[in-house]
Amino acid sequence: GDFTAVDSVSFAVAEGEIFGLLGPNGAGKSTLIRMMTTLIEITGGTARISGHDVQKEPNEARRHIGVIPQAMTSDLDLTVGENLGIYAKLYGVPAKERKRSIEELLETLDLTKWRDAQTKTLSGGMRRRLEIARGLVHSPSIFFLDEPTTGLDPVSRVAVWEMLTKIKQQRALTVLITTHYMDEADRLCDRIA
């Protein structure tokens with residue numbers, strides 16, 4: 001309708017940094033992420049991902065991004081391995097590379113022993129780890145995380161923080177994270193808006 005969710009926002013994220021968008025619920029953080037990841041139309045202004053205009057070159061922009069939405073979206077009836085495999089296929093990851101990437105992510109995110117477990121049997125923290133692995137299976141250069149620890153218990157939140165830090169150290173990855181937790185932004189981010 002005529003409601004303005006995001007207005008007069010301007011920022012640039014440097015390659016390799018973790019950039020945080022910090023604000024209360026309803027501030028427009030998720031709307032901004034959805035615009036930058038080509039999920040909703042931008043009604044004014046421009047967003048560029050790795051030099052690609054998300055409105056004029058959405059497919060090129062999408063090839064560079066991994067997205068972890070606020071809601072968990074992995075298929076509950078599939079196993080951890082099946083969820084990762086399907087997502088890799090959807091992104092066109094070749095079979096040999098797909099196997100290597102899935103193995104590496106299962107190891108990195110401590111999910112190897114859960115490979116054959118149905119997703120619905122996982123705890124909230126483990127499901128979030130699966131979501132992170134799924135978002136990285138096609139080796140994106142930019143990773144969007146929309147409030148990745150909302151709804152998790154304190155121990156699971158810290159585990160997710162540690163895994164994100166570990167992944168960042170292992171991969172050439174630029175990360176944009178939204179959060180309403182000041183401690184999370186302080187712990188994870190190089191810069192905050």
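The legends below describe close-up views of a predicted model.

Local features need pLDDT of at least 70 and side-chain atom pairs count only at pLDDT 80 or more, while totals for chains, interfaces and linings use all residues. Residues are numbered from 1 along each chain as its sequence is written, and side-chain values use heavy atoms, with hydrogens and water left out.

**View 1. The protein chain as a whole.**
The protein chain holds seven helices and seven strands; these are DSSP runs numbered from the N terminus, helices being H or I of at least four residues and strands E of at least two. Along the sequence they follow the pattern β-α-β-β-α-β-α-α-α-β-α-β-α-β. The radius of gyration of the protein chain is 16 Å, close to the 16 Å that the globule rule gives for 193 residues, so the chain is as compact as a globular protein of that length. This radius is taken over C-alpha atoms, and the globule rule is 2.2 Å times the number of residues to the power 0.38. The C-alpha trace spans about 45 × 35 × 35 Å along its principal axes. Of the 193 residues, 46% are buried (buried means under 20% relative accessible area, exposed over 50%, partly exposed in between, with a 1.4 Å probe and protein chains only). Among contacts (heavy atoms within 4.5 Å) with a separation of 6 or more, 73% involve residues 24 or more positions apart.

**View 2**
Strand β1 (residues 18-22) runs parallel to β6 (residues 174-179) and is joined to it by five bridges. In this pair, F19 is opposite L176 in β6.

**View 2. The nonpolar cores.**
A nonpolar core is a set of buried Ala, Val, Leu, Ile, Met, Phe, Trp, Tyr and Cys residues joined through side-chain atoms within 4.5 Å. The largest has 33 residues, of which L84, L109, I132, L136, F143, L145 and L164 touch the most other members. At least two residues of this core come from each of α3 (80-90), α4 (95-108), α5 (124-136), β5, α6 (154-170), β6 and α7 (182-188). Another core, of 16 residues, lies apart from it and includes F19, L21, I33 and I49.

**View 3. T178 in strand β6.**
T178 lies in strand β6 and, at 0% relative accessibility, is buried. Its side chain makes a polar contact of 2.5 Å with that of D146; such a contact is a pair of N or O atoms within 3.5 Å, where within protein one must be able to donate a hydrogen and the other to accept it, and residues adjacent in sequence count only if both atoms are side-chain atoms. Beyond neighbours within four places in sequence, T178 contacts L21, K29, I33, L145, D146, E147 and P148.

**View 4. N25 and H180.**
N25 belongs to the loop between β1 and α1 and is exposed, with a relative accessible area of 60%. N25 and H180 are 155 residues apart in sequence but 6.9 Å apart in space, C-alpha to C-alpha. A polar contact of 3.3 Å joins their side chains.

Technical notes
Pairing = 2+ DSSP bridges.
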